[in-house]
Amino acid sequence: MGRQIRIFICVLSLNAVLGQVSYSIPEEMARGSFVGNIAQDLGLDVKRLHSGKARIFTRDSTEYIGLNKESGALLIQERIDRETLCGQTTPCALHFQIILENPMEFYSINIEITDINDNAPAFEKSDVKFKVSESARTGTKFILNRAIDLDVGMNGLKTYVLEPTDNFALKLHSQAGGIKNIEMVLETPLDREKNEHISLVLTAVDGGTPQMSGTMQILVSVLDANDNAPVFTQPVYQASLSEDAKIGTVVTRVTATDADDGSNGKITYSVLTILDHTLGMFEVNEDSGEVRLSGVIDYEKARTIEINIRASDGGGLVDSCKVIVDVIDVNDNEPNIHIMSKSNVISENAKPNTVVTMINIDDADSGDNGKVQCKMSDEIPFTIKSTSNNFFSLLTTSDLDREKASEYNISVTCSDEGVPSLSSSVTITLQISDVNDNAPEFEKGSYETFMMENNTPGLSVFTVKAIDADWNQNARVSYILDDSSINGVPVSSYVSVSADSGVVHAVRSFDYEQIKDFQFLVKAQDGGSPPLSSNVTVKIMIQDQNDNPPQVLYPVQTGGPLVAEMVPRSADVGYLVTKVVAVDVDSGQNAWLSYKLQKATDRALFEVGLQNGEIRTIRQVTDKDAVKQRLTVVVEDNGQPSRSATVNVNVAVADSFPEVLSEFTDFTHDKEYNDNLTFYLVLALAVVSFLFITCLVVIISVKIYRWRQSRILYHPSLPVIPYCPPRYSDTLGSGTLQHVYNYEVCRTTDSRKSDCNFGRAASQNILMMDPSSTGTMQRLQSEKNILDEPDSPLEVRPD
C-alpha cells in the first residue's frame with residue numbers, strides 16, 4: 001500500500017528544533033507493521049536517537065506508534081481503529097512528538113489514518129411498520145430511517161435498494177455532508193382487498209471493496225382511506241444552545257397541520273433520526289412538538305446537531321422536518337499541561353538560558369476560551385517562554401548554586417482567556433546536581449593548642465575540622481600533613497594527621513627544655529575532580545612539667561680540696577656567710593626555688609634566706625662556738641610534686657687561718673658530724689646489707705651529677721647560669737654573690753704553721769684545703785674571683 005510523506009522542518013530558538021513529518025497508513029494494520037523511518041525522513045543520525053534518549057510524547061494514554069531506536073523506524077504498537085479514533089471526522093490523524101535531549105529537540109509527527117471497508121451499513125431498527133390507507137394517492141411519501149455506515153469516503157454508505165417494487169419505489173435525497181434521506185414513494189395505488197399486508201426489504205449498500213450491505217424489513221398494513229397527510233409549517237428549524245444548558249431546556253417547537261378530522265387529523269410528533277454521537281440528547285413532545293434537551297452536549301464533540309422530526313396522523317400519513325441546533329461554546333475546559341521532558345536534574349554549572357524542559361498546553365475550548373498564557377512563581381532563577389503555538393520552554397535566568405538551593409519546586413500556572421478564566425497548575429520538582437566548586441573550609445583561621453611535655457608517642461593532641469559545602473564525593477574531606485620541616489627535621493617526625501578524622505597525633509615524646517612550640521600546615525582536600533583544597537596553620541605549644549630537679553651552682557660539690565667559708569668571731573648578727581646559688585631548667589613555678597636549712601652543727605647560729613639562699617648569722621658569734629661548722633641546705637622548686645637538691649656548706653669560725661688549719665686537717669677525714677653518729681651507724685648497717693646496690697646507685701648518681709654539672713655550665717642551649725663577673729655587686733640583694741673574695745695564703749710543709757692573710761675588700765673569706773698535699777700554698781690574687789673560671793668556683797694551684 002502506498003504511503004505519502006510530507007516533511008516540514010523549521011528551526012526554533014532556545015536549542016529546541018520543531019520539525020513536522022506526515023505519513024499516511026490504513027487502519028487495522030497488524031502490530032509491528034512498518035510506518036516509516038523517522039531518522040531517514042528527518043535526516044537524523046541513528047546514534048542521535050540513542051544519545052538524545054529519543055522517545056515519543058503523546059497526550060493520549062494509548063500509544064499507537066512505537067519507535068525503534070536501533071533503526072529509527074516507526075512501528076505499529078497498538079491496533080488502530082479509525083472509527084473508534086475519529087468517528088466520522090475526516091481526515092483522521094494521529095499527532096505526537098519525538099523528543100530528544102542534550103540538547104532538547106522535538107519533532108511533530110502526523111500520521112493520517114485512512115479508512116478500509118471494515119464496517120457494513122446497519123439500520124437502527126431491523127424492521128419498520130407503516131399503516132397506509134388504500135386511498136393514498138400515487139406519489140405519497142414514506143420517510144425511512146437511514147442506515148449508518150461507520151466507514152467514510154468510498155467505503156461509506158453508497159446507495160439503497162428496495163425490493164419488491166410492485167407498489168413502492170425508492171427515492172434518495174442528498175443533503176449537505178453527504179447524508180442521503182430515504183423516501184419510499186407509492187407508485188401504484190393500494191387495494192386492501194387484494195393485499196392487506198405488504199412486506200418489503202430495504203438494502204443499504206456501501207462502496208467498498210468487497211462491497212458490504214445491511215437490510216431492514218418494511219411491513220405495510222393497508223388501511224381504509226386517509227387522504228390528507230400532515231404538513232410541517234417549515235422544512236427546516238434553526239436553533240442555538242449553549243453547551244452548558246441544563247437538561248430540560250426547550251430548544252425549539254415544531255408544528256405540523258393535517259386537514260383531516262378525527263383520528264386521521266390527530267398529529268403525533270417523534271424523533272425520526274439523529275446522528276449516533278448525539279443519540280439520546282434530545283426528545284420531542286409527541287403532542288406539542290416541543291423539542292427539549294435530554295442529555296449533556298459538548299461543543300468540543302459536536303458544534304452543530306441535526307435532528308429529523310416526524311409528524312404522523314392517525315391514518316398513518318407522515319411528514320418530516322429538520323431541526324439544526326448550533327452549539328455555543330462556553331469556557332468549560334481547563335488547560336491541560338503536559339511535561340514533555342522526564343528529566344528532573346540539572347547541573348548547577350548550567351549557563352543562563354539553558355532549556356530545562358518543554359511544556360505542551362492543550363485547551364479543548366475555541367476562540368479566546370482556548371488561548372492560554374503561562375506564568376510561574378517569582379524569586380526563582382527560572383522563566384517560561386512561548387516557543388510556538390501551545391509550546392512553552394522552561395529556561396534558567398541566572399547561575400545556579402546547589403549550596404544555596406539543592407532543589408526547586410517550580411509551580412507553573414496556565415490560564416485561558418475565557419470569562420471567567422480557567423487555569424491549571426503543575427509543580428515541577430527540579431534537582432540541582434553538584435559540581436565541585438567549593439573548597440573545604442576550616443572552622444578556624446588557625447589553631448593553637450597546648451600539650452604537656454613527656455607525652456606518650458601516639459597521643460591524640462586535638463582535631464582539625466573542615467567543612468565542604470559541596471555534596472557527596474565532592475564534600476568528602478581528607479586531611480594531609482604539609483611536607484615541611486621544623487629545625488631541619490621533617491614535621492612528620494613530630495606529628496601525624498588522620499586522613500579521615502583530622503585527628504592530630506604526637507609521633508614522639510616532647511621535651512619542653514628542647515622545644516617550646518612549633519607550627520605546621522594541614523591541608524584539607526575534597527574528593528572532587530579536580531580536587532580543591534585549603535590550608536590551616538596549627539601551632540602546638542609544649543607545657544612544662546616539673547621533670548628537672550634544681551641544680552646547685554655554688555658551692556660546687558666535688559671530690560676535690562675541701563672548701564670552707566670563714567666567719568670571724570667578731571661577726572655581728574646578720575653577717576653574710578655565703579650564698580647558695582642554684583638553677584632549675586624548668587620554667588614558671590616549676591623553676592621557683594626556695595632554700596631551707598636541713599642540718600647544721602649549730603642550728604641556732606645560722607639561717608638560710610628562703611628566697612635568695614643567703615646564709616647569715618642569726619646571733620653574735622661567741623668563743624664557745626665550734627670552729628668547724630657544717631650546714632646542709634635543701635633547695636626545692638615549686639612544682640607539683642616538688643623536686644629538691646641538697647648541698648653541704650663548710651664554715652670555719654675563726655679570726656685567722658692558722659687558728660683553724662689544724663682543725664680542718666682532720667675535718668676532711670670525718671665521715672659525718674658528731675651529732676649524726678647514730679645516723680652513720682644506721683647507714684653503715686644498711687651499706688653492709690645492701691653493699692652492691694648502694695655502690696651501683698652511688699656510681700650512677702655521680703656520673704649523672706657530673707654530666708649535669710658540665711651540661712649546665714657549658715651547654716650552649718641551656719639557660720644562662722647566674723654568673724658573677726669580677727667585682728660583681730648585687731644591688732638588689734638577691735643576686736648570686738654579693739661580694740668579691742680575695743685571698744693571700746701561705747702554706748708550709750707544716751700546715752699548722754701556715755699563715756693566711758685575708759683581703760678585706762669584700763669582708764668575706766673562703767678557705768680551701770687539701771690535707772693530702774705537702775706543697776706550700778701560694779697566694780690567690782685578688783683579681784681571681786671564685787666564679788671567674790667556668791670549671792669551678794675556686795681554683796687552687798699547687799706548688
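1. The second largest cavity is lined by Ile56, Thr58, Asp60, Thr62, Glu63, Tyr64, Ile65, Leu94, His95 and Phe96. A cavity is a set of points on a 1 Å grid over the protein atoms alone where a 1.4 Å probe fits but cannot get out; lining residues have an atom within 4 Å of a point. Strand 7 (residues 92-100) gives the most to this lining, with 3 residues.

2. The space in the second largest cavity is about 80 Å³. Volume here is the space filled by probe spheres set on the points, which are joined across faces, edges and corners. The structure holds 2 cavities of 30 Å³ or more.

3. This is a predicted model: local features need pLDDT of at least 70, side-chain atom pairs count only at pLDDT 80 or more, and totals for chains, interfaces and linings use all residues. Residues are numbered from 1 along each chain as its sequence is written, and side-chain values use heavy atoms, with hydrogens and water left out.

4. The chain has 6 helices and 57 strands. These are DSSP runs numbered from the N terminus: helices are H or I, at least four residues; strands are E, at least two.

5. Of the 799 residues in the chain, 43% are buried. Buried means under 20% relative accessible area, exposed over 50%, partly exposed in between (1.4 Å probe, protein chains only).

6. Leucine 696 sits in helix 6 (residues 691-714). Why is leucine 696 counted as partly exposed? Because its relative accessibility is 42%.

Note on methods. 1 Å grid on protein atoms, 1.4 Å probe; cavity = no way out; pocket = protein on both sides within 12 Å on 5 of 7 lines; lining within 4 Å.
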